[in-house]
Amino acid sequence: MTVVRSTLPDEARRVSCEALQDTLVDLLGLSLIGKQAHWNVVGPRFRSVHLQLDEVVSAARAHADTVAERAAALGVPPDGRPETIAKVFSLPAPKEGWLRDTEAVAVMTEALGSAVARLRERIDTTEKADPVTQDLLISITADLEKQRWMFEAENFPGES
């Protein structure tokens with residue numbers, strides 16, 4: 001059943017919606033790992049890291065909604081079901097239990113970095129297929145890069 005017809009040619013729509021679905025999974029997963037770290041972070045920088053984690057969660061959820069709505073506008077139903085996320089999510093995640101503030105920062109830096117790298121690949125893929133989707137992915141990438149930078153700065157100078 002097709003509810004919405006896209007103005008894109010079929011192949012361009014396929015490419016765009018695949019990039020959007022993969023991005024949706026990454027964003028929903030980021031929101032989950034951000035909350036997991038948020039609930040379990042401990043250490044001298046607890047408060048600042050705790051609050052920063054909520055910023056990432058809010059941003060990831062807002063971007064996920066925009067991505068899902070773009071896919072729907074292109075005529076493909078987005079899939080954010082828990083079983084879908086559990087089956088295909090592959091970004092770095094925190095360990096179980098309490099999470100030292102430095103570990104929380106490190107895992108979020110790594111997860112955001114991985115998400116950004118994947119987004120950059122999708123930006124390339126959607127360049128010709130759908131510049132509107134590409135533009136959306138570019139803006140999400142900019143925001144996640146900012147979040148990554150803020151976490152990375154938390155652990156400066158880092159381990160040598």
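Okay, let's start with how much of this thing is hidden: of the 160 residues in the protein chain, 44% are buried. Before I go further, keep in mind that this is a predicted model.

So, the overall picture. The protein chain has five helices and two strands, and if you walk along the sequence you get α-β-α-α-β-α-α. The radius of gyration is 17 Å, close to the 15 Å that the globule rule gives for 160 residues, so the chain is as compact as a globular protein of that length. If you want to picture the outline, the C-alpha atoms fill a box of roughly 55 × 30 × 20 Å along the principal axes.

Now contacts. Take the ones in the protein chain with a separation of 6 or more: 80% of them are between residues 24 or more positions apart.

Let's go inside. Which residues have the most contacts within the largest nonpolar core? That core has 39 residues, and the ones to look for are Leu 27, Leu 30, Val 67, Met 108, Ile 140, Leu 144 and Phe 151. The elements giving two or more residues to it are helix H1, which is 10-40, H2, helix H4 at 101-129, and helix H5 at 131-154. H4 supplies the largest share, with 11 residues.

I'd click on Leu 27 if you have the structure open. Leaving out residues up to four places away in sequence, Leu 27 touches Ala 60, His 63, Ala 64, Val 67, Ile 140 and Leu 144.

A quick word on H2. This helix covers residues 46-73, so to speak 28 residues, and it reaches 41 Å from its first C-alpha to its last. At 1.5 Å a residue you'd expect 40 Å, and the model comes close to that. After H2 comes Gly 75, with a positive phi near 90°.

Last stop, a tryptophan. Trp 149 sits in helix H5. Is Trp 149 buried or exposed? It counts as exposed, because its relative accessibility is 55% and the cut-off for exposed is over 50%. And if you want a sense of distance, Trp 149 and Arg 5 are 144 residues apart in sequence, and their C-alpha atoms are 39 Å apart in space.

That's my tour, thanks.

Note on methods:
Residues numbered from 1 in each chain as written. Predicted model: local features only at pLDDT ≥ 70, side-chain atom pairs only at ≥ 80, totals over all residues. Heavy atoms only, no water. Helix = DSSP H or I, 4+ residues; strand = E, 2+ residues; numbered from the N terminus. Expected span 1.5 Å × (residues − 1). Core = buried A, V, L, I, M, F, W, Y, C linked by side-chain atoms within 4.5 Å. Buried < 20%, exposed > 50% of the residue type's maximum accessible area, 1.4 Å probe, protein only. Contact = heavy atoms within 4.5 Å. Rg over C-alpha atoms; globule rule 2.2 N^0.38 Å.
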